Amino acid sequence: MSDRDQQLHDLTRPPSSASYLQEAWNRREFAILVPAQDLRAQNMGTVLGQLWHIANPALLVGVYFLIFGVVIDTSRGVENFLGFLIVGVVLFHLTQRVVQDAAVCISRNLGLIRSVQFPRILLPAATLNGQTAAFVPALVLAMVAVVATGERPSMRWLALPAVLAAQFLFNFGAALLVARIGASLSDLQQLLPHLFRLLFYASGVIFSVEAFVTSPGWRRAFALNPIYDVITCARWCLVGEPADGWVVAGLLAWCIALPLIGFVVFHRSEQRLGA
């Protein structure tokens, strides 16, 4: 075999994980600049403009508080129900936006995929970065609102960045998985709103699991839900709600395992995406 033949390689085979990640890192500006431009372009034709990034979660909290805090009154066992609700709604909304946007990030960029060779992982990464950046004003508003409800910053608040980092990693893993599935199953974007409607009630966003679920076994079962883990740990940080070891362990497991699983699934199908 000649030296030239030895240099030839199968272009249909995916690159090694290390070289793939290195190439993605070298082109990381794509996952930063593109969502930044999209973020600036959003809501430009509206009266409030970029203020909608704050107004939307604020309106959501207001509606849920009116229905579940006043009309139905699910505040049993929660001293600061408004602060409790603010944390749950804002963090749940972030994961929902990331996953639903990632489900269409491949089909929405087919022209780019078919014309330019680049690591496809940058597409769900850009989705994650864009939605996370849009979430920052809502997070600031949520923290101000929590203080306005009577909570005072404490040492627990120092743990909040770790909880948000864990949610970021979980969201990245979820984005990779749904991006891969959504590339083959276009119906996924129609199914996700119903799934998140179910998850909304299964994540304790509007009620205290400790107050309504008396069985310790069923409470531990809630720790299998990563969104519940994120919200519960964040509530422990900001409003002093309890978070047992099962919840913390569940959050750690999800934020480690799901990005790894998502990367393996996505990387193996890299060459077929957009084909």
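This is a predicted model: local features need pLDDT of at least 70, side-chain atom pairs count only at pLDDT 80 or more; totals for chains, interfaces and linings use all residues.
User: Which residues make a nonpolar surface patch with V63?
Analyst: V63 sits in helix α4, which covers residues 52–71. The patch there has an area of about 250 Å². Besides V63, the residues that make it are L66 and I67.

User: How many helices and strands does the chain have?
Analyst: Reading from the N terminus, the elements run α-α-α-α-α-α-α-α-α-α-α-α-α. That pattern goes with zero strands, and the number of helices is 13.

User: Which element gives the largest share of the largest nonpolar core?
Analyst: This core holds 55 residues, and those touching the most other members are L91, F92, F135, V163, V205 and L238. Two or more residues each come from α5 (81–102), α7 (122–148), α8 (160–184), α9 (188–202), α12 (226–239) and α13 (245–268). The largest share is 13 residues, and it comes from α5.

User: How many residues are in the second, separate core?
Analyst: I106, I113, I121 and L176 are included in this second core. Its number of residues is 17.

User: Which residues is L238 in contact with, leaving aside neighbours within four places in sequence?
Analyst: L238 is one of the residues that touch the most other members of the largest nonpolar core. With those sequence neighbours left aside, its contacts are V87, M143, V146, E151, W157 and L160.

User: Is N225 buried or exposed?
Analyst: N225 is found in the loop between α11 (216–222) and α12. The cut-off for buried is under 20% relative accessible area. N225 has 10% relative accessibility, so N225 counts as buried.

User: Which side chain makes a polar contact with the side chain of N225?
Analyst: Not counting residues up to four places away in sequence, N225 touches L199, A202, S203 and W254. The polar contact between side chains is at 2.9 Å, and the partner of N225 is S203.

Terms used
Residues are numbered from 1 along each chain as its sequence is written. Side-chain values use heavy atoms; hydrogens and water are left out. Patches are made of residues with over 30% relative accessible area and no salt bridge: like charges are joined within 9 Å, nonpolar side chains (Val, Leu, Ile, Met, Phe, Trp, Tyr) within 5 Å. Accessible areas come from the Shrake-Rupley method with a 1.4 Å probe; for residues, only the protein chains shown count as cover. A salt bridge is a side-chain nitrogen of Lys or Arg within 4 Å of a carboxyl oxygen of Asp or Glu. Helices (H or I, at least four residues) and strands (E, at least two) are DSSP runs, numbered from the N terminus. A nonpolar core is a set of buried Ala, Val, Leu, Ile, Met, Phe, Trp, Tyr and Cys residues joined through side-chain atoms within 4.5 Å. Buried means under 20% relative accessible area, exposed over 50%, partly exposed in between (1.4 Å probe, protein chains only). Contact means heavy atoms within 4.5 Å. A polar contact is a pair of N or O atoms within 3.5 Å; within protein, one must be able to donate a hydrogen and the other to accept it, and residues adjacent in sequence count only if both atoms are side-chain atoms.
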